[in-house]
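Here's a quick briefing to keep open beside the viewer.

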Amino acid sequence: MDETEFWEIVDSTREAAGGDPEDHADLLVERLLQFDPDRVLDFARHFESRYNRAYRWDLWGAAWVLLGGASDDAFDYFRCWLIGQGREVFEGALHDPDALAELLPGFDDEVDGDGEELGYAADEAYEELTGAVAADLGVPAAPPEPAGTPIDFEDPAALARLYPGLTERFG
C-alpha cells in the first residue's frame, strides 16, 4: 500500500461517515476487512508512522486550544483524529499547527478531536481477519518526549501568541 492509497482509504471512509469519528472508525474497519492481512498491516504502518510524526509540542498546543485542555491521552486521541481528517489537514497542521484555524471547516469539541477508535481500526480488522493480535509493525517508536520546544499550556497569553488563528476562532 502506498501513501496515496492510505489517504484515499482515510478520506473515503471519513466522507462516508459524514465526519463522525466513531462512524469513521467503524467504516474504516469494514473497509480494511476487504483486504488481506498484509495490506491491513501496511495500512497500520502508515497510520502509526503519521501518529508518531505528530508527537510534537506545537501540535499538542493546538490540541490544547481546540479542546480547552488536552491530557496525554487526549493528545493521543487528537493525533488519531488529525490523521482521520485527511492528508491536506494533517500535513497542513504539521507544517503550521495554527493553520488548523483555516483548514477545519468547524470544530465541535464534543465530537471532534477524539479519534481514539481510529487508532484501533487496523488492529481490530487484523484480529478479525486472522484471529491473532498483530505483531510488531517494525515502525520506529515515538520518542519519549514530544519533538520541539515544550509549551506552557497553562499560559493563555503564550497560547494566544503561538496560535492566534485558533485562539480567535476556537479559543
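This is a predicted model: local features need pLDDT of at least 70, side-chain atom pairs count only at pLDDT 80 or more; totals for chains, interfaces and linings use all residues.

A160 sits in helix α9; helices here are DSSP runs of H or I with at least four residues, numbered from the N terminus. With a relative accessible area of 30%, A160 is partly exposed, the labels being buried for under 20%, exposed for over 50% and partly exposed in between (1.4 Å probe, protein chains only).

Residues are numbered from 1 along each chain as its sequence is written, and side-chain values use heavy atoms, with hydrogens and water left out.

**Helix α4 and what follows it**
- 10 of the 11 residues of α4 are buried, so this helix is largely enclosed by the rest of the structure.
- Among those buried residues are W57, W60 and W64.
- The cover over them includes α5, α6, α7, α9 (156-162) and α10 (164-170); this is judged by contact, meaning heavy atoms within 4.5 Å.
- Just after α4 comes G68, which takes a positive phi of about 70°.

**Helix α6**
- In α6 (residues 87-95), the buried residues are V89, F90, G92, A93 and L94.
- They pack against α1 (3-16), α3, α4 (57-67), α5 (72-84) and α7 (100-103).

- R50 is in α3, which spans residues 37-53, and it counts as buried because its relative accessibility is 6%.
- Skipping neighbours within four places in sequence, R50 is in contact with E3, F6, W7, I83 and F90.
- L41 also belongs to α3 and is buried, at 13% relative accessible area.
- With neighbours within four places again left aside, L41 is in contact with Y126, A134 and L137.
- From L41 to G68 is 27 residues in sequence and 34 Å in space, C-alpha to C-alpha.

**Salt bridges**
- Side chains of opposite charge can pair when their charged atoms come close.
- The rule used is a side-chain nitrogen of Lys or Arg within 4 Å of a carboxyl oxygen of Asp or Glu, and the count comes to nine salt bridges.
- R14 and D11 pair at 3.0 Å, N to O; both are in α1, three residues apart, about one turn of the helix.
- R14 is buried at 15% relative accessibility, whereas D11 is partly exposed at 22%.
- D42 and R45 make a salt bridge with the closest N and O atoms 3.0 Å apart, and they are separated by about one helical turn because they lie three residues apart in α3.
- R53 forms a salt bridge with E91, closest N and O atoms 3.0 Å apart. The pair links distant parts of the chain, R53 in α3 and E91 in α6, 38 residues apart.
- R53 is partly exposed at 39%, and E91 is partly exposed at 27%.
- E3, R50 and R87 are linked in a salt-bridge network.

Technical notes: Helices (H or I, at least four residues) and strands (E, at least two) are DSSP runs, numbered from the N terminus.
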